[in-house]
Amino acid sequence: MGSYGTASSQSPKILFRQLFEKESSTYTYLLADVSHPDKPAVLIDPVDKTVDRDLSVVKELGLKLTYAMNTHVHADHVTGSGLIKSKVPEVKSVISKASGAKADVLIEHGDKIYFGDLFLETRATPGHTSGCVTYVTGDGPDQPQPKMAYTGDALLIRGCGRTDFQSGNSEQLYKSVHSQIFSLPKDTYIYPAHDYKGFTVSTVGEEMLYNLRLTKDEDTFKGIMASKYCSYPVEIKMFKFLLYKV
């Protein structure tokens, strides 16, 4: 039903699991502060079809799920946040204010989401959609090192999300990635929301060297994105429904 990964980070405080939903090739990430008595946890980009699996993992590991976080409103699957809240009412849903979606917590650039003594910092990375954000693990000696960045569809491994619908803008995406993600330390781990070629993780340094689109100059990048026309995801018809289910 999904893959079950382990952490690349060496921090003993953080528990990390990378989970996979094969139909939409979506990664969901489970993070927890296991040094805290309550073992508080967050899920990033949960999918409705794998909510039961994800909650089962949370229970098996003895974690307390506190937030169901979204990097953006997805067009290729239905977020699992609403279903999670129906099963675990104390969990709070999170999405960016700029997305136009409804959630318990509407975040903006620079906001922090704490789980135990760990936190994720929000970086606005619009371009794939107008409300995309990247979540980055925090600074400080008690935070995971190297850093970990959950980039949604803004930055994929050797690629990026499309910009031809959902208020996408290729110029904006180029500037977002270069200013908010490529400015991170080069050893920062990149964990995207999707992968279609079997990759699981990259780094900022790798993508600055090998990303097939974002290593180009801005004009070339915009030309590449303008030529990438293809059919919309099947779930695009549910876009309005998605806005009220995070």
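## Overall picture

Let's begin with how the chain folds back on itself: among its contacts (heavy atoms within 4.5 Å) with a separation of 6 or more, 62% link residues 24 or more positions apart. This is a predicted model, in which local features need pLDDT of at least 70 and side-chain atom pairs count only at pLDDT 80 or more, while totals for chains, interfaces and linings use all residues. Residues are numbered from 1 along each chain as its sequence is written, and side-chain values use heavy atoms, leaving out hydrogens and water.

The chain holds six helices and twelve strands, taken as DSSP runs numbered from the N terminus (helices H or I, at least four residues; strands E, at least two). Of its 246 residues, 56% are buried, meaning under 20% relative accessible area with a 1.4 Å probe, protein chains only.

## A buried threonine

Now to Thr-129, which sits in the loop between strand 8 (118-124) and strand 9 (133-137). Thr-129 is buried, with a relative accessible area of 6%. Beyond its neighbours within four places in sequence, Thr-129 touches His-72, Val-73, Gln-166 and Ser-167. A polar atom of the Thr-129 side chain also lies 3.3 Å from the backbone nitrogen of Cys-132.

## Helix 5 and its buried side

Helix 5 spans residues 218-226, and its buried residues include Glu-218, Phe-221, Ile-224 and Met-225. These four lie on the same side of helix 5, because they cover an arc of only 120 degrees around the axis, judged by the directions from the helix axis to the C-beta atoms. The buried residues of helix 5 pack against helix 3 (170-181).

At the start of helix 5, a side-chain oxygen of Asp-217 comes to within 3.1 Å of the backbone nitrogen of Asp-219.

Definitions and conventions: Buried < 20%, exposed > 50% of the residue type's maximum accessible area, 1.4 Å probe, protein only. Polar contact = N/O pair within 3.5 Å; in protein donor to acceptor, adjacent residues only side chain to side chain.
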